[in-house]
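Visitor: Could you walk me through this one? I'm new to it.

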Amino acid sequence: MADASFGFSTLQMGELAIGKHVHYILSVEKKKDSFESVVMDHLRMNGAYWGLTTLDLLGKLDSVNADEVLSWIMTCQHESGGFSGNIGHDPHILYTLSAVQVLALFNKLDVLDIDKVATYITGLQNEDGSFSGDMWGEVDTRFSYIAICCLSILCCLDKINVEKAVSYILSCKNLDGGFGCTPGGESHAGQIFCCVGALAITGSLHHVDKDLLGWWLCERQVKSGGLNGRPEKLPDVCYSWWVLSSLIMIDRVHWIDKEKLVKFILDCQDLENGGISDRPDDAVDVFHTYFGVAGLSLLEYPGLKAIDPAYALPVDVVNRIFFG
Amino acid sequence: MHGRPRKASKPEDEAASTTKAQKLRALQTQFFSFHHSKIYTKEAVELSAKLLEINPESYTAWNYRKLAVEHYLSQPDCNPETVKSVLDDELRVVESALRQNFKSYGAWHHRKWVLSKGHSSVDLELRLLDKFQKADSRNFHAWNYRRFVAELMNRSEKDELKYTEDMIYTNFSNYSAWHNRSVLLSSLLEKKAEGFLSKENLLPEEYEFIHQAIFTDPDDQSGWFYHLWLLDQTVTTDHPLLVSTWPAHGSDVFLVGDRCQNGSFSPFTTVLSDSGSFPIVLYFNQPVKGVSSSTVIIECGFNKNEELLWEPLSVSNSQTAQVWVAHLKCPTSELDSSVEISVGYSKEIVSPRGSQYSHPSTFSFKVHVQPVERDSSRVSVAENILWREENFKVYRAQSEESIPIPSFDQLCIKNGHESTASNWRTEALAKEVECFRELLSLMDCKIGKLTLARLLMAYDVMSFPFANKLVHSEEVLELYNDLMKLDPTHHRYYKDEHSLVLLRKMTSSEESLLQHCFQYKDSVSSAIGNPICLRLNNLSLSRIRAFERLLWVQMLDLSHNELESIEGLEAMQLLYGLSLGNNKLRSLTALEPLRKLKSLRVLDISYNRIGDHSIDTTRYLCSSPLSHSVGSELNDVALINYWEAFYMFKDLNLNQLDIVGNTIADEKFKSVLVKIMPLLKRLDGELLD
């Protein structure tokens, strides 16, 4: 594990400033008064997942007060069993997964009434196998992934109709081998991660044309070494996760130049204040810090814990759930 | 969160930000109190609009507005005018939010929700969409919304197709328009709509259309994938076909027990069978389901009443696979019998998309069984197979045998029914080849070379086996070599393609295949029937395929290559001995295909990279509890850290395993392996007790 206390002056070019990033994440967690922070208030549960998973990958999960985090999480749970993005907000499947993932990080899944959470999620499955985000009915393959990932972590995947869930996801498969948010929706790396992840967890990857999708995905790598999310778009660090994890799940990651991608991610660091941005010299945020570090983990950057490409949690956390 | 420049925050910026934040927080607090108390007065609802104007991502506010709408619509004094006014308000709030962030999921969904209440018109919505298209033609929210509106208001697919055409003529670099075009076109083709009845007439026009995009700017990816789809439409037949079988049609199979009597049988057709049965392998051109004893009828002298169990060779509980196998039990007494197998005379073999297997076929072969001499006093000690150069000698055919490899021509079933209809396909391919050769004469470009390579391979595969030779292999291999230099970022992709072409070339003719056929020269090997060993070592292969021509292989040497994956190897059901030594396998889970090889007894995975990597790229491509493809069968606590070894090796019936030269293979690991495989006789050359 790299020494987190080295200062700026000793940092070489092309190195991961672990200490800076840990400091950045902890400071964001405390800073709630800026406009940027208030505007993201509603997705604090996601933010907790991004920040805490990054800390765990860097070996620094013990820098936070677990009890505080856990009690705040539980106050976000509603009668329905679902979790909201923050206190006062309505429940939604997005924040339910993040809550469960954070509990898994701390090995505290036992504080949950699993049936209650499972009931919330199974209630969101529609006739055609798709999932709504909440009672208001927005349908998106992101929610299919969330439902499958969440129930799988809780070891009760069989509570949903898996066959129909899979067939709905397959109905969103496009002719370029990728997946969209709804049937006919354009292929997008984020949606592809969700669909491939869901298919991976349900043992359904044989439905994916790995060569076709693999080629589409590897062509996301542009000259700068970064990855974009779909053709003719700008590269962005968050695609280092979505494209990369998808490539790994279908065993085609060797089709990109990993070294160039590592360099791109490292170039997106703010070496002064910590944090990682979407592109070099842009403003940093926790979202991109997480995806940058997670991407580096998938690229086997030294000193980082290994992350699981389907569950987006450290491998030891996932193994603990399935083999513990 | 995206595209904001990094700048040091000045104190005046921070102060302004804090003020803005306080205002927003106050707004939010007030909103929550209205929401939680279920207050839907005009003033309360207007407050939520203000909140959404500043922050359209505040999803609870959209929920609140829906509750407010439902509240108003359920009032007793509600009439069509109040409904219109209420819903119009919602549409206005959505527009204003979209101006703030035209990618807001919450805003778009709210608009859909309002529309589903039966308000607004196609014209209004399409005008709104036009505005968004002009602002950003790649906005997938807008394209999805367009699809939603088209369906809700019954706009025809043909009209929508015309729209994609207009968008593309405005700007060829519009991947979203090409994508939508592919969705609409394939839907119209599937429905056999008027004017869309035959691919033969449609594809040439589409090819001309896409050429304009690609040739205008070959480095723009917008047209690449659409072109690849057109190529796929040209080459692929919807209906699944049987490509290859083992035993091959017209062949003679000699089954011997655990000791072969003499060497008078051809080593190509003598199969060692220590289980009293042999596999029947069906290799289709695409994954199918529905292969069973009612869709595949077997007629043979022995085994009249037994219902065969057909197994799909795929990971997990999927009932779909490209390769299917069943094991036919043969009697222990001497036998010469004919076996006839009929495939697909009933309609249940289908592709996952529902296309029926359309070419019922029958193949037959003869089985000759040699009686097994059970002499327990001469039970042979498991010999150590050493995959060394000096242990192999090239196979030389005896003079009488003109075609040693059984029915090589019949290994691949001729699908002649398409011979007249396939003319348009080969013509289309030939035309494309011409176009891309012309492009390359004008400029050296990656997509030109890659497409030409794909076209030439497709052309050869389509003409073969009639042509019985892959005419363009050399040129294709050259193209991939060029591409590795031209586009080094994707070097490994081109390397993999190169390996596949090389393999196809080597297995495409009997002469080239024979050059790789050897026999293990140790006299003790007669104990294993002295089969042919196909040696494909030292070829820099990074990937393997083309197994349909290799179903007869019992010993395979793939050592000294660059393999990281053995995907597809499960098809080789006769494999008894396999060497993957000195390759680049990086994890135990990559061995998944071997779990389906019931005859495998000798495995060499020495000198690979197993244990070197923290990230496992086949973690979800193997049977394990992680992918819910097996239950939690691992009950021994001591083996939890060795779960990969447990799941990969527990069902293998190996006699010999070589694993030295892998980081993972320390003494502890080897003792774990011995525990998992109690029947293993030899590990890294050492005899086990």
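**Where the chains meet**

Guide: The contact, meaning heavy atoms within 4.5 Å, takes 86 residues from chain B and 98 residues from chain A. This is a predicted model, in which local features need pLDDT of at least 70 and side-chain atom pairs count only at pLDDT 80 or more, while totals for chains, interfaces and linings use all residues. Residues are numbered from 1 along each chain as its sequence is written, chains are lettered from A in the order in which they are written, and side-chain values use heavy atoms, without hydrogens and water.

Visitor: How many salt bridges are there between chain B and chain A?

Guide: The count is 8 salt bridges, each a side-chain nitrogen of Lys or Arg within 4 Å of a carboxyl oxygen of Asp or Glu. One of them joins Asp211(A) and Arg543(B), whose closest N and O atoms are 3.1 Å apart.

Visitor: And which helix of chain B gives the most to the side that touches chain A?

Guide: That is helix α1, residues 11-36, with 10 residues; helices here are DSSP runs of H or I with at least four residues, and strands are runs of E with at least two, numbered from the N terminus.

Visitor: Switching to chain A, what is its secondary structure?

Guide: Chain A has 14 helices and 2 strands. Its radius of gyration, taken over C-alpha atoms, is 19 Å, close to the 20 Å from the globule rule (2.2 Å times the number of residues to the power 0.38) for 324 residues, so chain A is as compact as a globular protein of that length.

Visitor: How much of chain A is buried?

Guide: Of its 324 residues, 68% count as buried, that is, under 20% relative accessible area with a 1.4 Å probe, protein chains only.

Terms used: Buried < 20%, exposed > 50% of the residue type's maximum accessible area, 1.4 Å probe, protein only.
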